[in-house]
Structure formats: structure tokens, C-alpha cells
Amino acid sequence: MLKDWEPFFQKVKEKPYAKTLHDFLEREYEKEAICPPRDMVFQAFRFTNPKTLKCVIIGQDPYHNPGQAMGLAFSVPLGISLPPSLVNIYREIEEDCGIKMNYQRGDLVSWAEQGVLLLNVYLTVQEGKPLSHSREEYEEFSHDVFSYLETLKQPMVYLLWGNFAKRYQKDVYQKNHLVLTATHPSPLSANRGGWFHQHLFSKTNDFLIENGVAPIDWQNK
């Protein structure tokens, strides 16, 4: 579905940071082990259509262990054990929505296909080296993403978890776009309070329903 984002990516291609980032990634993928695979860097956009977008979940950078990253924030491929953050996300969904999650399945493609943009700000990382690609070009790209999303008129919810993601709250100005914040679901943050019992997922669906939009089925399939 990248063609659905063509107006956005055409503008991005004209930005100076686009070429710098492209050249950097070409070098990195040639000489280093990079997560996710090259063809999955923009996977979050492939599974969503901006016209039917309902929710945006912001992550920091991809999982950096072998086989984990798949281009969708917080998601891991089938057959890969759930990272602790995703375990806490599932636990909160179960309590909040009263549904049973499958802890053997960390693939969140079903969310993306319903209109949830699972976007890491830094789209890539060196294997085993978290935040190794925390580059200014990605910061510029993420701000351009938010600027584009704020041209969309449909009701939409931003889920910003942790201080890193909360920085983007200032970029949301559409009156029919709701921002819900919480601490990060990683055990270090979640166990200190501010993640569990926040009802983020039911609040998202309540907002969508109130605005005539079909709710998101959070149960992983």
C-alpha cells in the first residue's frame, strides 16, 4: 500500500535529509547486520492506508535481537518469543477489554490492517546495538509524518507511550484527533506505575465509536 502514501513520500524525496538517509542506509546494510530486513523498513506504511487510518502507536527504534524486527513497532514475527514490552501490552489489553490474548503470537499485522500505524521513529538499528541509528534524519522524517497525519480529517487516536513518544504530542492539533499518553510498557517503566489500568485501548475504541468509526479489534489473531 505504499502507493497510498505516495503524496507524502513524493514530498519527502525532495527533502535534503532523504538523500543523506538513503546513502547512510545503503552503506549500513552493505557492511552491517541491520534490523529489520531492508525490504521491511517501511512496512508500517505498507499495511495501512492514510484514508482509513484510525490509530497511531509510536515506538522508538526496532527490536535489535536477531529475527525480532519486522518493520512494525512492538511487533515480532510468528515464531518469535514476545518481548517484555509486548507482554505488558497484552496484559493491559486483557484487563482493559476483557479479551484473551495469544501470548504465542506477537505479530500485530492484524492491527495494522485495521488502520493502526505502528511506527518506530528510528526505522532501523544495528543488530545488538539499541539506538545505534538514532539519527537526525529520522527525527525530521517523523516530524514530517506527523505533519502529514495532521492533514487527515478523520477521527484518529495517537497512543504515545513513554517520554520519547510524548514529545510528539505538540505536533497534534486537529480537534478530532485524540492523544492518549502513558508510561512506556517496558517492565522498567510499567512496573513503576502509569501503564497498567490506564484503559488506553478501550478509550481508543470509545472515541472511535463516538465519532462513527468502527472500533479496533485488539485481539491478536
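In the classification of residues used here, Ala, Val, Leu, Ile, Met, Phe, Trp, Tyr, Cys and Pro count as nonpolar, Asp, Glu, Lys and Arg as charged, and the others, Gly among them, as polar. The structure is a predicted model, in which local features need pLDDT of at least 70 and side-chain atom pairs count only at pLDDT 80 or more, while totals for chains, interfaces and linings use all residues. Residues are numbered from 1 along each chain as its sequence is written, and side-chain values use heavy atoms, with hydrogens and water left out.

The pockets are described first. Rolling a probe the size of a water molecule over the atoms shows where empty space is left. A pocket is defined on a 1 Å grid over the protein atoms alone, as an open set of points where a 1.4 Å probe fits, with protein on both sides within 12 Å along at least five of seven lines, and its lining residues have an atom within 4 Å of a point. Grid points are joined across faces, edges and corners, and a volume is the space filled by probe spheres set on the points. The largest pocket has a volume of about 660 Å³, and its lining is made up of 35 residues, of which Q60, D61, Y63, S85 and H184 lie nearest the centre. By class, this lining comprises 20 nonpolar residues, 14 polar residues and one charged residue. Helices (H or I, at least four residues) and strands (E, at least two) are DSSP runs numbered from the N terminus; at least two lining residues of the largest pocket come from each of β2 (55–59), α4 (84–97), α7 (162–166) and α8 (187–190), and α7 gives the largest share, with four residues.

The second largest pocket holds about 450 Å³ of space, and among the 22 residues that line it, F9, V12, K13, H22 and F42 are the closest to its centre. Its lining receives at least two residues from each of α1 (6–13), α2 (16–31) and α6 (136–149), with the largest share, six residues, supplied by α2. In this second lining, 13 residues are nonpolar, two are polar and seven are charged.

Single residues were then considered by their accessibility, where buried means under 20% relative accessible area, exposed over 50%, and partly exposed in between (1.4 Å probe, protein chains only). S85, one of the residues nearest the centre of the largest pocket, belongs to helix α4 and is buried, because its relative accessible area is 11%. When neighbours within four places in sequence are left aside, S85 is in contact (heavy atoms within 4.5 Å) with F74, H184, P185, S186 and P187. R27, by comparison, is placed in helix α2 and counts as partly exposed, at 47% relative accessibility. The C-alpha atoms of R27 and D61 are separated by 19 Å, the two residues being 34 residues apart along the chain.

Attention then turns to the strands, which are said to pair if DSSP finds at least two bridges between them. Five of the five residues of β2 are buried, so this strand is largely enclosed by the rest of the structure; C55, I57 and G59 lie on one side of β2, and V56 and I58 on the other. Strand β5 (residues 156–161) is likewise largely enclosed, because six of its six residues are buried, with M156, Y158 and L160 on one face and V157, L159 and W161 on the other. β2 and β5 pair in the parallel sense over four bridges, and in this arrangement I58 stands opposite L160, while I57 stands opposite L159. On β3 (residues 116–120), which pairs with β2 in the parallel sense over five bridges, the bridge partner of I57 is L118. β5 also pairs in the parallel sense with strand β6 (residues 177–182), over six bridges, and Y158 has V179 of β6 as its bridge partner. L178, also found in β6, is partly exposed, with a relative accessible area of 26%, and touches M156, V157, Y158 and F207, not counting residues up to four places away in sequence.
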